[in-house]
Amino acid sequence: MLGSEHRELRTNQIRGEIMERELALEFVRVTEAAAIASGRLMGRGQKEAADAAAVDAMRAMLDTVQIKGTVVIGEGEMDEAPMLYIGERVGGADFPEVDIAVDPLEGTSLVAKGLPNAIAVLAVAEKGGLLHAPDMYMDKIAVGPEARGCIDFDAPIKDNLARVARAKGRRIEDLTVVILDRDRHARIIREVREAGARIKLITDGDVAPAVATAFGESGVDMLLGIGGAPEGVLAAAALKCLGGEMQARLVPGSPLEAERALAMGLKDIGLVLTLNDLVSSNDVIFAATGITDGDLLRGVRYFGGKASTHSIVMRSKTGTIRLVEATHMLDRKTFVKRGC
Ligand code: VTB
């Protein structure tokens with residue numbers, strides 16, 4: 001017979017494993033809830049309302065998950081008093097203690113206009129495992145697993161494209177690079193065009209295309225350019241699970257932003273951040289649900305009191321990637337408001 005100490009240890013081990021395994025699916029329920037709530041407002045031109053619906057649903061659902069979570073990337077600072085503020089405690093248990101990065105609606109304008117690639121997304125890691133990226137810009141380069149080890153943030157764009165093309169056994173002309181359509185990207189757009197690669201300019205939402213680089217069928221080979229730093233950490237969490245690569249540099253817009261970046265513990269703001277700098281934990285879970293149709297995930301569909309969702313959920317420790325299609329009976333959901 002096992003001694004009581006042994007028994008306790010064994011119970012804890014089993015409990016730990018079960019908790020961990022169950023958690024991935026718990027988190028996809030959270031992004032599904034946010035997607036279903038905000039997807040209802042697709043095309044209605046109401047960015048804030050769509051965001052609020054996603055935040056409400058995500059917040060409510062997170063408290064049903066058996067974790068002791070702290071939001072490290074969220075909807076804003078505590079003094080702005082939003083829900084899911086940085087430092088907010090979420091979850092319904094005392095164990096395990098985890099840090100969470102959330103973007104309940106990544107791409108508010110995309111939902112407001114019914115454009116592609118809006119997602120509800122979160123990443124969860126052991127305490128201290130995610131860079132506490134302040135809300136500022138970040139310059140990013142991201143690729144999928146085939147091109148891991150082939151990118152160099154400081155190298156000319158044409159060299160990065162040539163190396164990625166070689167790694168994928170393709171010509172530069174065959175590659176597709178996704179770039180946010182912004183004036184600040186005039187130089188990189190010109191350089192990608194000069195190198196001969198194809199470009200997909202997007203109006204918003206650079207997390208979904210960063211994740212899509214890891215899936216051949218998405219048709220996306222690389223993400224380039226300046227977007228949000230919080231979105232950069234979320235994309236890095238996904239690429240860590242997928243074996244892809246990302247390099248990035250913070251782009252503070254003011255001395256105050258630079259100070260905030262230093263307060264995060266970075267010695268030098270100008271440093272190129274690797275995937276491990278962005279996500280140091282080797283045990284990170286990433287979950288995302290499509291709100292509008294995208295390169296990788298289908299958007300939410302509503303029909304006859306039901307909704308269907310398409311999600312991805314992955315865990316870096318085990319490398320399992322799940323694409324989850326779900327049908328939800330809306331009248332039996334606790335998080336769905338009447339009339340949804
Ligand atoms: C970035 C990007 C996001 O908003 O934060 C962008 O990472 C804001 O950039 O995915 P601008 O200030 O140039 O508009 C998104 O596109 C959507 O939230």
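Analyst: A cavity is a set of points, on a 1 Å grid over the protein atoms alone, where a 1.4 Å probe fits but cannot get out. A pocket is an open set with protein on both sides within 12 Å along at least five of seven lines, and lining residues have an atom within 4 Å of a point. Grid points are joined across faces, edges and corners, and a volume is the space filled by probe spheres set on the points. The model is predicted, with local features requiring pLDDT of at least 70 and side-chain atom pairs pLDDT 80 or more, while totals for chains, interfaces and linings use all residues. Residues are numbered from 1 along each chain as its sequence is written, and side-chain values use heavy atoms, without hydrogens and water.

User: How many cavities of 30 Å³ or more are there by this rule, and what lines the largest cavity?

Analyst: The count comes to two cavities of 30 Å³ or more. The largest cavity holds about 80 Å³ of space. Its lining consists of N117, I119, A208, V211, F286, A288, T292, G294, L296, L297 and I312.

User: What makes the lining of the largest cavity nonpolar, polar or charged?

Analyst: Ala, Val, Leu, Ile, Met, Phe, Trp, Tyr, Cys and Pro count as nonpolar, Asp, Glu, Lys and Arg as charged, and the others, Gly among them, as polar. By that division the lining of the largest cavity has eight nonpolar residues, three polar and no charged.

User: How is the largest pocket described, and which residues are closest to its centre?

Analyst: The largest pocket contains about 740 Å³ of space. It is lined by 33 residues, of which D103, E106, D135, P230 and E231 are the closest to its centre. The lining divides into eleven nonpolar, eight polar and 14 charged residues. Strand β3 gives the most to this lining, with four residues; helices (H or I, at least four residues) and strands (E, at least two) are DSSP runs, numbered from the N terminus.

User: How do you know which domains contribute to the lining of the largest pocket?

Analyst: Domain bounds come from an automatic or database domain assignment. That assignment gives domain 1 (2–129 + 288–332) and domain 2 (137–278). The lining of the largest pocket draws at least three residues from each of them. The C-alpha centres of domain 1 and domain 2 lie 24 Å apart. Their contact, meaning heavy atoms within 4.5 Å, takes 23 residues from domain 1 and 24 residues from domain 2.

User: Why is T31 called buried?

Analyst: Buried means under 20% relative accessible area, exposed over 50%, and partly exposed in between (1.4 Å probe, protein chains only). T31 has a relative accessible area of 0%, and is therefore buried. T31 belongs to helix α1 (residues 4–39). Leaving aside neighbours within four places in sequence, T31 is in contact with M58, A120, V121, L122, A287, A288 and T289. T31 and A288 are 257 residues apart in sequence, yet 5.8 Å apart in space, C-alpha to C-alpha.
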